[in-house]
Amino acid sequence: MQLLDGVLVSAHIKEQIKQEVTDWQAQGGKKPHLAAILVGNNPASEAYVGSKVKHCDELGFDSTLLRFPADITEAQLIAEVVRLNNDDNIDGILVQLPLPDHISGDSVINAINPAKDVDGFHPISVGKMVLGQPTFLPATPYGIMLMLEYYQINTAGMNCVVIGRSNIVGTPMTLLMSRNTNPGNATVTMAHSKTKNLKELCLNADIIVAAIGRPKYVTADMVKPGAIVIDVGINRIPDATKKSGSRLVGDVDFDGVAPLCSYITPVPGGVGLMTICGLMKNTLLAAKLRTNAVRGAALAQSN
Ligand code: NAD
């Protein structure tokens, strides 16, 4: 069994991003600037946004964190998004999900200028992804593809089961793994809460991507020997041996499953770190595309 090591791969990719930012600035480009919107004070969301802002610092990006109270109205939040759309200094906008129940996440995401949609959740970005056109890919599936690429895992022709059909993980992961790319070219089954024969499907899978949100749900009796297991889940479970009284586990029963696998991601230290890489790569790309569009327009005007 080989560990798919998010610490190692993300460090490698972050070095590449840092270098790219330095080169970009040497060519007269400006620092990429990410704006993050956080509504309310959900502790998990606080932690995720905090980590994204910290990574901006580390990689030489600018960042702006906008915090709003949980009772902000949908119209007010959309007005903030529009303000960021119109702010030339901002290259990427992310709205940390979930939003409070009285706000439609779809309406807020739809308000983001697709040129700044670094989470890849806007319908234009999703549509382009479906059509295989260049676009911002959702950060978690993008990060998983980067990890498979790093380990040079040839997934062509493999049977892949993606468990989960969310817009942010399961659905885009299913699409990316089935595209005519490498990694990709897999025969993909998307399983979900109404799937009846999950165990049978998993036992036939060369790759399992678990994005369920249930601690240790994928157990050894569901995994074919030699399979590749990608664990997206982040679940907090009680653990009296820890100072905090809890610890993080994935959707896969790591101790039981790992000995069977050819490759497996740990939790923590796996997919979560790759997600950050996906977001940062998208933000750098947004900065470059926006600057090049402005330069192109200026050039066209001067001709
Ligand atoms: P979600 O709740 O939106 O979706 C969960 C999916 O699991 C649903 O599509 C549902 O149909 C499916 N499901 C639920 N019970 C099932 C069952 N018994 N059998 C088969 N399928 C079942 O969750 P999400 O946003 O996709 O996140 C999934 C997990 O990944 C969570 O633990 C979340 O915290 C984690 N996550 C991690 C990262 C990361 O960077 N590592 C990023 C996003 C989400």
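Asn185 is found in the loop between helix H7 (170-178) and strand S6 (187-191). Helices (H or I, at least four residues) and strands (E, at least two) are DSSP runs, numbered from the N terminus. Phi of Asn185 is near 55°, a positive value in a residue other than glycine. Asn185 is partly exposed, with a relative accessible area of 30%. Here buried means under 20% relative accessible area, exposed over 50%, and partly exposed in between (1.4 Å probe, protein chains only). The model is a predicted one: local features need pLDDT of at least 70, side-chain atom pairs count only at pLDDT 80 or more, and totals for chains, interfaces and linings use all residues. Residues are numbered from 1 along each chain as its sequence is written, and side-chain values use heavy atoms, with hydrogens and water left out.

Gln152 also has a positive phi, near 50°. Its place is the loop between helix H6 (139-150) and strand S5 (159-163). Gln152 is exposed, at a relative accessible area of 72%. Two cis peptide bonds were also found. One runs from Leu97 to Pro98, with omega near 5°. Pro98 sits in the loop between strand S4 (92-95) and helix H4 (105-111). The other runs from Val267 to Pro268, with omega near -5°. Pro268 lies in the loop between strand S11 (263-264) and H10. Most residues other than glycine have a negative phi, and most peptide bonds are trans.

The ligand is surrounded by 22 residues (each with a heavy atom within 4 Å). The closest are Arg165, Ser166, Ser193, Tyr217 and Thr275. By class, this shell has ten nonpolar, ten polar and two charged residues. Helix H10 (residues 271-302) gives the largest share, three residues. Polar contacts are pairs of N or O atoms within 3.5 Å. An oxygen atom of the ligand is 2.8 Å from a polar backbone atom of Arg165. A ligand oxygen is also 3.1 Å from a polar backbone atom of Ile234. The protein covers 75% of the 860 Å² of accessible area that the ligand has on its own (Shrake-Rupley method, 1.4 Å probe).

The largest nonpolar core has 48 residues. Such a core is a set of buried Ala, Val, Leu, Ile, Met, Phe, Trp, Tyr and Cys residues joined through side-chain atoms within 4.5 Å. Val209, Ile230 and Met280 touch the most other members. H10 gives the most to this core, with eight residues. Domain 1 (28-115) and domain 2 (139-271) both contribute residues, so the core lies between them.

Note on methods. A polar contact is a pair of N or O atoms within 3.5 Å; within protein, one must be able to donate a hydrogen and the other to accept it, and residues adjacent in sequence count only if both atoms are side-chain atoms. Ala, Val, Leu, Ile, Met, Phe, Trp, Tyr, Cys and Pro count as nonpolar, Asp, Glu, Lys and Arg as charged, and the others, Gly among them, as polar. Domain bounds come from an automatic or database domain assignment.
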